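Good morning, everyone. Have a look at the model on the screen, and I will walk you through a few spots.

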Amino acid sequence: MANRLRGSRSPYLLQHAEDPVDWYPFGEEAFSAALQEDKPIFLSVGYSACHWCHVMHRESFKDPEVAGILNRYFIPVKVDREERPDVDAAYMQALISLTGQGGWPMSLFLTPEGKPFFGGTYFPKEDRGSLPSFRRVLLAVAQAWREEREAITREAERLSRALWRSLTPAPGPVPQDVEEKALSFLARSFDPEWGGFLPAPKFPQGNLLLYLLSLAWRGKEEARRILHKTLRAMALGGVYDQVGGGFHRYAVDRFWYLPHFEKMLYDNALLARVYLGAYRVFADPLFLRVARETLDWLLSMQSPGQGGFYTALDAESEGEEGRYYTWTPDELRAALGEDYPLAHRYFALGKAPPVEGGNSPRYVLTAWGEEEVKRELGEGFAAWREGLRARLLALRRRRTPPNLDDKVLADWSALAVRALAEAGRLLRDDRYLMAARRGAHFLVETMGKDGLVRHVWRAGALGEEAFLQDQSFTALALLELYTATGEWPYLEKARSLAEAAWEVFRGEGFEGPSTPPAQKALPLPAKEVEETTLPSGKSALAEAFWRLQAAFGGDYRRRAELLLEEGALWLERHPHALPGLLLVHRLLKEGTELALPTPSPILESVRELYLPLTQLVVGPADALPGLLGREPGRAYLCREGACRLPVEEVNSLVEEVRAVYGG
């Protein structure tokens, strides 16, 4: 038995390298074996921080009996969804079509040509409620493959054709009321008591919150109401790590209390930007504190030697989900001494049930008692809370930590670079700006190859795949570094990456990887049809082109419009699910450019302004089309080249912004 994962770069695949299952990586070898042996493929997709992936691994994939069935009747293929987001996207749409829902681990059965005909997510080892055992599922599928091959093949072909039809619509005009429809849907789904959107489980949905933030900044009352309630509830709940900072992946309940404990780089990069911007909109000090603590967590995920950002922290440690993050009352009492009674109220212990597992009750720490304790301590609250955190963090670091997924993904790292660069600019904090510089250098110099940023790097090895998200997210990160520093190499590299993405991925419908010719083409469309959590590569590229238009002019605006029009049908049907494209729609409709020729005495003050719908263009007056004819020392607020009267003071500029946007 030759488990073929032992030479993998992926930490997730390496976790399965010693399984008794004869795993193949996704690729031509697996599909050739399926055709040669006339067996269906069992496709298992997951990621290293996925709790239920670990459960299914322990229960089934390590079990010799289950492995024997898999090896006898199937070609088992294991995929790291983070290394191959195209494979994940293609087959997730198939799973949703088959079952009405998706998730990880993704468990699909495919024809030897790679077309799905049956699937699910987690299957237990033994029958559990309505869930059949994995062993029973395997035997039933194997029997159906032997006895009903013709019907299975026909159904797989039908599903494949239906997915190609539904997921590759023609471009068209974007409905003008698309944003009103999206906000109306979100208002109906909003949980007015606990924030977020019903039903549970509740995900932070960082990209959706960023879009709502742009509306809140514009003064849209519905967006302000939804955003403020949601951000406070998340920040005070168990989904936020009250000791170490940063957000867990999602909460299983409507109260944001009990999380799935994995911590993902992309969530925290986006949420750091949300909370920092929300502080500027609402002046709520809680938002600034959470932004800083989340940014500091991002710093902890940066490789000290290389500068890239690691991918995730696992949910488990010592074989138990959340063990690292939860506390018993006795542990807290011993750690905090005379502060324990007040801490008990602050953390609201007992207001929600303990987590399952272990011999004694363990609690997720919330800050539900913050307002009460804050009123009692007054000005001493901040110092008291910091002392509390420091003591608990020191004790927690003595525990066995969750596993670190130490691969570097270019798109997620670019999100972290953008967040840190923006924070360095808005807060005038050199720690964040230096970390952003190091991260950008790693993306461009170490992960760049032949004009494209490659998707994954680990332990000195660079992968070959390059995805649209890698180019567009990196371009936006470099544009933010240009805004923060005025340094032209960032602007020029952002332009070259956006140009490369336009040329390379346009021929692939802006989907799929740019890969070596030997890479197997996917039998299904790898379409991004939902972007509430992460922006799509297409919407990010459109935003990059809109921002490049401010500096360089040319046809960049038209390119952004074309990318938006490609998503028109999806925007018409499900506008709330496409906040990245909605943001592009808003930028094209009312975004502004701020031209600031140098030298300028107000440059640093201007950089501290929070202007989410504006692109700052800085440099000598004759250096860029966006600066031509402008006088140094004066600021010009423009829309599509038509400018308001120039101003020489920051306060006057703020008044100009208010005149354009209201508020």
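We start at a loop. Asp450 sits in the loop between strand E13 (448–449) and strand E14 (452–453). Is Asp450 buried or exposed? Asp450 is exposed, because its relative accessible area is 69%, and the cut-off for exposed is over 50%. Keep in mind that this is a predicted model.

Trp256 lies between strand E6 (250–251) and strand E7 (259–260). Trp256 also is not a glycine, and its phi is positive, about 60°. But what about its cover? Trp256 has 1% relative accessibility, so it counts as buried. The cut-off there is under 20%.

On to the prolines. Where is Pro199 found? It is in the loop between helix H8 (178–189) and helix H9 (206–217). The peptide bond that joins Leu198 to Pro199 is cis, with omega about 0°. Pro201 lies in the loop between H8 and H9 too. The bond from Ala200 to Pro201 is also cis, and here omega is near 5°.

Next, a strand. Find E17, residues 592–598. Six of its seven residues are buried, so this strand is mostly covered. Which strands does E17 join? One of them is E18, residues 614–620: the two run parallel, with seven bridges. Pro597 has Gly619 of E18 as its bridge partner. Another is E19, residues 636–639: that pair runs antiparallel, with three bridges. There, Leu594 is partnered with Leu637. A general point for your notes: in a regular strand, side chains alternate between the two faces of the sheet.

Let us zoom out. The protein has 26 helices and 20 strands. Its radius of gyration is 25 Å, close to the 26 Å that the globule rule gives for 663 residues, so the protein is as compact as a globular protein of that length. The C-alpha atoms fill a box of roughly 80 × 65 × 50 Å along the principal axes. Of the 663 residues, 62% are buried.

Contacts next. Take those between residues at least 6 apart in sequence: 70% join residues at least 24 apart.

Last, the surface and the charges. The protein exposes about 25100 Å², and carbon and sulfur atoms supply 51% of that. There are 80 positive and 91 negative charges, and their mean positions are 2 Å apart.

That is the tour. Thank you.

Definitions and conventions: Residues are numbered from 1 along each chain as its sequence is written. Side-chain values use heavy atoms; hydrogens and water are left out. Helices (H or I, at least four residues) and strands (E, at least two) are DSSP runs, numbered from the N terminus. Buried means under 20% relative accessible area, exposed over 50%, partly exposed in between (1.4 Å probe, protein chains only). Two strands pair if DSSP finds at least two bridges between them. The radius of gyration is taken over C-alpha atoms; the globule rule is 2.2 Å times the number of residues to the power 0.38. Contact means heavy atoms within 4.5 Å. Accessible areas come from the Shrake-Rupley method with a 1.4 Å probe; for residues, only the protein chains shown count as cover. Lys and Arg count as positive and Asp and Glu as negative; His and the chain ends are not counted. The place of a charge is taken as NZ of Lys, CZ of Arg, CG of Asp or CD of Glu.
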